[in-house]
Amino acid sequence: MSETKATYRNPLLWVPTSYLAMGLIYVTVSGVANIMFKNLGMDNASAAFWSSLFVLPYTIKPLWAPVVELYKTKKFFVVLMQFLLVGMVAAVAFALRLPSASYLVPVLLLLGVTGLAGATQDIASDGVYVTTLGPAEQAKFLGIQSMCWNAGPILANGVLVRASGMLHSSSGNWGQAWMTVLLIIAGLIAALAIYHLKVLPPGAKALDAPKSVADGLRTFGHTFATFFQKKDIVLILLFAFFFRFGYGFLEKMAPLFMIDDRAKGGLGLSNQVLGDIYGTFGTGAFMAGSLLGGLFVARLGLRRTLLVLCLCMNVPNVVFVYLSQTLTQSYPLIATLVTIEKFFWGFGAVGLMIYLMHQVVPGPYRTAHYTFGTAIMGLNMMLTGMVSGRVQEWLGYKTFFVWVLVAAIPSVLVTLYAPFHHPDSAGPAAEKRPEEEAALA
């Protein structure tokens, strides 16, 4: 798919905020919902299942990705979805005021719609990024992109989780506490939507964009076919799915382990303490790790650094094995270990996004093919998350985190066999012209 290049403002004005908005909504339907359900009395298996199921739209979003090319501009869809998200998150907040016996169904339905709108926002935001910036600029800003996307989860799991604990301490009502937190999230998204209305580039318009729904279906069919015609596509899919396999089990259970009672094998932390650790030490460590990871790849190239990134990304698994075995009560030690695991997670997590940008995107249908790659990543996070609570309840925390460590082995194997058929992300080779990329696809 040939694309015209758009005129745009300095990427520092819109790349960080675009990916912050994406990450904030993703964690709202997954991480925030997970902790909220736990606080409201759900067991681990149910909390992890539902908060993972809301990720389904992020997994199947390629089905409607071509629609972004059908009408208006990519910016139009970004802003439209963000205003819709404001209404959905606020509706979830007010649904928590319903009686405890009747709030669950509307909350689940509204969070499902929130996930759908969030996934559509992702499609359009990624489209703005990959069609506005050239290959060299994409590489330059990937560390910032990854940092800001993950700043959403850090913000929600840090500052907002702490706020929920403080509000609960003053009101004694988890429903009231989480209603306020959700309204804060809605307010943040509203501010970002208004800001993006002014500064977000429109995104380059595809010259061969579909002209009708029927044409869109044909385009999707061709998009789908060309994606699976890429060389070594099976290895690429395995890499996209398994790179975060161990972390997929860890993501849901780590915060629940930290706030669960010590009698149940948890650390017994309050929401305030969890928020302090994640929001203060965790945030700084993650940002530093993401920036350094991006610079590390930009200097040495992804081919030479991918295995190092993979190993770094699995450091959190080792940390939680230690915490679950010792059940330390030392706040400084817990904070130090969380700082370490967040740093290495941020450092290593850039590997998958850079790989998708440089080894999956090149060729026709850049936006849709990037969406396919991130959807495979999302499928892993959804499936592992859905079963993680059940596995944890079956094994107990101590054995569960050992299992998470073992589950990281496939990520190392797929990294060793990840194919490279396009220019690496460092050096002059990264400046390949679009027509050369198309010939390689």
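**Helix contacts**

Reader: Which residues in α15 do I236, F239 and A240 in α10 meet?
Author: Helices here are DSSP runs (H or I, at least four residues; strands are E, at least two), numbered from the N terminus. With contact meaning heavy atoms within 4.5 Å, the α10 residues I236, F239 and A240 meet, in α15, L352, Y355, L356, Q359 and V360.

Reader: How many residues of that contact are nonpolar, polar and charged?
Author: Ala, Val, Leu, Ile, Met, Phe, Trp, Tyr, Cys and Pro count as nonpolar, Asp, Glu, Lys and Arg as charged, and the others, Gly among them, as polar. For α10 with α15, that gives no charged, 1 polar and 7 nonpolar.

Reader: At which pLDDT do side-chain atom pairs count?
Author: Residues are numbered from 1 along each chain as its sequence is written, and side-chain values use heavy atoms, with hydrogens and water left out. This is a predicted model, where totals for chains, interfaces and linings use all residues, local features need pLDDT of at least 70, and side-chain atom pairs count only at pLDDT 80 or more.

Reader: How do α10 and α15 run, roughly parallel or roughly antiparallel?
Author: Axes are lines fitted to C-alpha atoms, for helices over the stretch in contact, with angles from 0 to 180 degrees between N-to-C directions. Helix α10 (residues 233-242) packs on helix α15 (residues 331-360) at about 160 degrees, their axes 11 Å apart. Since over 145 degrees counts as roughly antiparallel, α10 and α15 are roughly antiparallel.

Reader: Which residues of α15 touch α14?
Author: Helix α14 (residues 315-326) packs at about 160 degrees to α15, with the axes 8 Å apart. From α14 come V315, P316, V319, F320, Y322 and L323, and from α15 come L333, I334, L337, I340, E341, F344 and W345.

Reader: How many residues of the contact of α14 with α15 are charged?
Author: The contact of α14 with α15 has 12 nonpolar residues and no polar ones. The charged count is 1.

Reader: How many charged residues does the contact of α12 with α15 have?
Author: The axes of helix α12 (residues 271-300) and α15 cross at roughly 35 degrees and come within 7 Å. Their contact has 19 nonpolar and 7 polar residues, and the charged number 3.

Conventions
Angles under 35 degrees count as roughly parallel, over 145 as roughly antiparallel, 65 to 115 as roughly perpendicular and the rest as oblique.
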